[in-house]
Structures are given as C-alpha cells and as structure tokens.
Amino acid sequence: MPKLVFALHESGRVLHIADVASGLACQCTCLDCREPLVARKGEVREHHFGHTSGQEHDWAWETHLHAYAKQLIMDAGGLAVPLHATVAEHLGLAAETKDARLQAGGTPIQQEISRGAVRPDLVLHLAERDVEIALEVRVTHGCDQAKRNEFKRQRLAALEIDLRRFPPERFDPKKLADAVLLRTENKTWLWPLPPPPARDWVYQLVDELPPEEAGQPLAKPQLPRKPLPPPVSLQFRVRAWRAAVTVSVLQEGEEHICVRVMEMAIGRMATTNAEQAAPRIAELVEFVVTGHSSYAENPRAGTWLVPSWEATAVANALQEAASRYLIHENEQRQAQGATLEADLRYRRQAWPGQRPEPSTPERPRDNPYSRRRG
Ligand SMILES: [Zn+2]
C-alpha cells in the first residue's frame, strides 16, 4: 500500500502532504474515515500522513488522486484545453485557436452535480458565452458509450482528463498540476467530436469477401430501385489500429435502408487507440448520413435509418467517403507482390507511427470505385 499523501483539510479542500504544515498542525482528517491525521514530514522518510490512533487501513490511490485532481481544477477555476473546429464553434471560440484556457466566470466550478441523466465530475460554466462544460477526470476506466451519448443528446460539451500515468510511485504533485491545469495532450473531447477525419488516421480497408476474392476491388453498391429485389447488404470493414469496424448498409423492409456501424475490439487488444478510432468511424458515417435531409437515428444501436428515396444517394455517398477517407491499401500491397497472408500479418503488426515506409515510390492512388463507374 502506498503512503497516504492526500487528506481533507479543515477548510474542506483536498490537499497533498506538500501543501500542509507538519504534525497535528496540518489540520487534516482522513479522506476515508475522517480520523484526524498527523503529517509526518521528517528528514529521512518520504513525507506522508498517519492516523493519530496509529491504525492504518486500506485506501485506494485512484480515489484520492481523483479527488485531489478535482480540487486542483476547482482551486484554479479553470484549465487549458485542446481545441478542434467543432468544439471551438460550440464554445464560441475562434476556430484557429489551437489550445485555449477556459476559466469559470460567475459560478465557480461545481462538483458532482447532475445534468440530466449524467453526473459529471465537474461542471465549468463559461459566463461570457453562457455555455457549460462537463469535466471528467479519468484515473481508471474511461467514460462509457451511454454517458457519451447522453452528453451528445444534451449537447453538453464534455472533456476527459486522463491521469492514468500518475501512479503512486515517484508521484510529483507539480507534474500532476501541470497535467491537469496547463497541458492539453492528455485531454480528449467526448463531445463534440472532431470533424470527419482526414485519411491518414485510418489506413486499411479490407473487404468482406471470401479469402480467395479478398484484395479484389469492392463492387460499387447497387441499391435497387422499386420494386425491390431481395435485401442487399454491402459492407466495408476497417481495421482502425486494433479495432475492427464494420459499416453495413442493409435493406430495411421495403421503405428504408439501415446504416449500421459495428465496432469490435480484436481479442484482448481493446486499447485506448481502438476506443478512439471506433467513434471516429461512426462520426464519418454520421457525417454522410446526416448530410441528407431525412433520417432517424438510434444511437444505442449505432444505426441510422434512411428513407428509400434517399437510400441510393446515401449509399453512394458512403462509398465515396470510404474511398476518400479510407486507404485501399490491399491493392497497393498486391501490386508490390505481397500475398494475402503476408498482407494480413502486416496489418496485424502495423501501428500508427510504426508503419514501415513503402519500399517503392507510391503510385498515384487508384480508386477502385471510380474505375467501375466508367
Ligand atoms: Zn482513515
């Protein structure tokens, strides 16, 4: 068990051992049992709190770190945040601003207050623009999809602050304060999400054909005109980092098509990257689908229902978006003489940032869909 370094000061604030006087003069109680604490700030041992009774108990580092990080933000009244175009627009900030410092005005930052069905860790109110921002401090697991959906439904901007790289060993409160208040690379917007992605974030498009046909260009989707033949299904699958994402367009009854995004972590490779990649795919599809006038969204199922008279247009737009944003790397690998097996191995090994440079100069990209159009 790590040494106890966080405590509740009589002012009601959560403090670190470095912030308080030595001995009983620290005026602190235990965050868990409320027993008075003594601050042991000697020359030899690492500074820590002890219970006055001398009886120590189990406590959770994550819980204390979480409480202390929230205190830092409330004390500062604001924090630095990363910006992207969508969130800048939502907050009424200049879109070209890379990062911004958000400062609560009027109402101080509040903790654990409900907003609809969610109870964010903190709520910051930007007075001059009259907009609220939910702040989520992450010390273990991230925010689940239901909560993200709720932020979206309420149009409540929500920022996640990732503090998982602050274990008790060699803990430095100054570095934590920097990460919480000044730095931005450990912060992610849960809503609004960034605009549709540029192509460089996803680099693989794998079709859903049997193995012997894999690597052949996908046929352009042929959605039927009325009267409708049997249901059609077109799928493209993206290996975004280590998640597999399947986007399917299905005939739904006689009237509609249904666009569905299914995410699946591969094996035990559910990583932060996968978590980040999958919603971006959903965002891409949403961008295409919602660009059309009539649709019904079912966020829980990750589907959009599009009326039949717009079905062909949406399906075509999806394919175009796929060819624009997703790199059909299969073709390129085949051109270099790679076998399918090697190709799949390559995909499994490849990570963003670790991608091997192509050994031959890149050919102009050959769009498999436009070729079929001719
Ligand atoms: Zn205690």
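Trainee: Why does Pro120 count as buried?

Mentor: Because 25 other C-beta atoms lie within 10 Å of Pro120. A residue is buried if 20 or more other C-beta atoms lie within 10 Å of its own, exposed if 12 or fewer, and partly exposed in between, with C-beta atoms placed from the backbone. Before we go on, this is a predicted model: local features need pLDDT of at least 70, side-chain atom pairs count only at pLDDT 80 or more, and totals for chains, interfaces and linings use all residues. Residues are numbered from 1 along each chain as its sequence is written.

Trainee: Thanks! Where does Pro120 lie, and what does Pro120 touch?

Mentor: Pro120 is in the loop between E8 and E9. Leaving out residues up to four places away in sequence, Pro120 touches Arg115, Ala134, Leu135, Glu136 and Ala158. Contact here is C-beta atoms, placed from the backbone, within 7 Å. Strands (E, at least two residues) and helices (H or I, at least four) are DSSP runs numbered from the N terminus.

Trainee: How do E9 and E10 run, and how many bridges join them?

Mentor: E9 (residues 122-126) and E10 (residues 131-138) run antiparallel, joined by 5 bridges. Strands pair if DSSP finds at least two bridges between them.

Trainee: What's the strand order in the sheet?

Mentor: The open sheet has 5 strands, ordered E8-E9-E10-E11-E12, with mixed pairing. At the edges, E8 (110-111) and E12 (187-191) each pair on one side only.

Trainee: Which residues touch the most other members of the largest nonpolar core?

Mentor: Phe49, Leu124, Ala134, Leu135 and Ala158, out of 45 residues. Such a core is a set of buried Ala, Val, Leu, Ile, Met, Phe, Trp, Tyr and Cys residues joined through C-beta atoms within 7 Å. In soluble globular proteins, nonpolar side chains tend to be buried together.

Trainee: Switching topic, how many residues does H1 have, and which are buried?

Mentor: H1 (residues 61-76) has 16 residues. His64, Leu65, Tyr68, Ala69, Lys70, Gln71 and Ile73 are buried in H1. After H1 comes Gly77, with a positive phi near 75°.

Trainee: And for the whole protein, how many helices and strands?

Mentor: There are 9 helices and 18 strands, and 28% of the 374 residues count as buried.

Methods. Two residues are in contact if their C-beta atoms, placed from the backbone, lie within 7 Å. The expected span of a helix is 1.5 Å times one less than its number of residues.
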